[in-house]
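Please read the following note with the structure open beside it. It is written for a student who is meeting such a description for the first time.

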Amino acid sequence: MKLKICGMKSNTAEVAQLQPDYLGFIFYENSQRHFEDTIPKMSKTIKKVGVFVDEKVEVIVAKIEKYKLDAIQLHGYESPEICRLLKSTNKEIIKVFSIKDEFDFSVLNNYEDVCDYFLFDTKGKLPGGNGYTFNWNVLKDYPSTKPYFLSGGIGLNEIEKIKAFKKSLASKYCYAIDVNSKFEIEPGLKHIETLEKFKKHVTSSDF
């Protein structure tokens, strides 16, 4: 299972030393984790993800060039057409959908051909980083074969819950775990030791 650490801001270089598969940088001005700094040099095996919320295509393209992004995460109400336009950048496209206790999976249909991954997050007041999980049982009805990221309030306390989830049919197409707020000292400043513990768990052979 892949690991994505999102909301990078204050100690990116230290987090990168943990060698996650993806690091997420939020380019949304209303976020406490809004990134405006310089991304430090890191292993080429780590994919840099730009997170956007209903942003103009030309702004996203400019950020791709400036920060040498490998993937684009769309966390707003972006249309399939926007995804299609961004697909031409040859970057991975991750489209986010928010869930609480139920979800109409038919909304995914128009995105199937224009995204590389879906990401399921917790529906809350904020576009992301709400700090609590949604009902993962909803994913037992996932009708697609497209790989997805599991996100929303995941921390060390969810290790056993993730283990149980991995044994369920709902996890068949779960490609990665996405973590953020549960590993923070303050918004954008990650707690390295707890992230290291979490990574050891999710990458262990018996997980």
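1. Basis of the model. This is a predicted model, in which local features need pLDDT of at least 70 and side-chain atom pairs count only at pLDDT 80 or more, while totals for chains, interfaces and linings use all residues. Residues are numbered from 1 along each chain as its sequence is written, and side-chain values use heavy atoms, with hydrogens and water left out.

2. Cysteines. A disulfide is a covalent bond between the sulfur atoms of two cysteines; here the term is applied to a pair of cysteine sulfur atoms within 2.5 Å. Zero disulfides are found in a search of the whole structure. The sulfur of cysteine 115 lies 3.9 Å from the closest cysteine sulfur, that of cysteine 83, which is too far for a bond. For cysteine 6, the closest cysteine sulfur belongs to cysteine 174 and is 16 Å away, again too far for a bond. Cysteine 115 is buried at a relative accessible area of 3%, and cysteine 6 is buried at 5% (buried means under 20% relative accessible area, exposed over 50%, and partly exposed in between, with a 1.4 Å probe and protein chains only).

3. Salt bridges. Side chains of opposite charge can pair when their charged atoms come close. The structure holds ten salt bridges, each being a side-chain nitrogen of Lys or Arg within 4 Å of a carboxyl oxygen of Asp or Glu. One of them joins glutamate 78 and lysine 95, at 3.4 Å from N to O. This pair links distant parts of the chain, 17 residues apart: glutamate 78 is in the loop between β4 (71-74) and α3 (80-87), and lysine 95 is in strand β5 (residues 92-99). Helices (H or I, at least four residues) and strands (E, at least two) are DSSP runs, numbered from the N terminus. Both partners, glutamate 78 and lysine 95, are buried.

4. A further pair. Lysine 182 and glutamate 158 form a salt bridge whose closest N and O atoms are 3.8 Å apart. Lysine 182 lies in the loop between β8 (174-179) and β9 (184-186), and glutamate 158 in the loop between β7 (148-150) and α4 (159-166), so the pair ties together parts that are 24 residues apart in sequence. Is lysine 182 buried or partly exposed? With 39% relative accessibility, lysine 182 is partly exposed, whereas glutamate 158, at 13%, is buried.

5. Nonpolar cores. In soluble globular proteins, nonpolar side chains tend to be buried together. A nonpolar core is a set of buried Ala, Val, Leu, Ile, Met, Phe, Trp, Tyr and Cys residues joined through side-chain atoms within 4.5 Å. The largest one has 54 residues, and Phe120, Leu139 and Phe198 have the most contacts inside it. Helix α2 (residues 57-67) gives the largest share of this core, four residues. A second, separate core has twelve residues, including Cys6, Val49, Val51 and Phe149.

6. Helix α2. Which residues of α2 are buried? They are Val57, Ile60, Ile64 and Tyr67. These residues are on the same side of α2, because they cover an arc of only 115 degrees around the axis; the arc is that of the directions from the helix axis to the C-beta atoms. Glu58, Glu65 and Lys66, on the other side of α2, are exposed. The buried residues of α2 pack against β3, β4 and α3, where packing rests on contact, that is, heavy atoms within 4.5 Å. Just after the helix, lysine 68 takes a positive phi of about 55 degrees.

7. Arginine 33. Arginine 33 sits in the loop between β2 (22-26) and β3 (47-52) and is buried at 7% relative accessibility. Its side chain makes a polar contact of 2.7 Å with the side chain of glutamate 184 (a pair of N or O atoms within 3.5 Å; within protein, one must be able to donate a hydrogen and the other to accept it, and residues adjacent in sequence count only if both atoms are side-chain atoms). Arg33, Glu184 and Lys190 are linked in a network of salt bridges.

8. Serine 144. Serine 144, in the loop between β6 and β7, is buried at 5% relative accessibility. The side chains of serine 144 and glutamate 112 are joined by a polar contact of 2.8 Å. The side chain of serine 144 also reaches the backbone nitrogen of lysine 146, at 2.9 Å.
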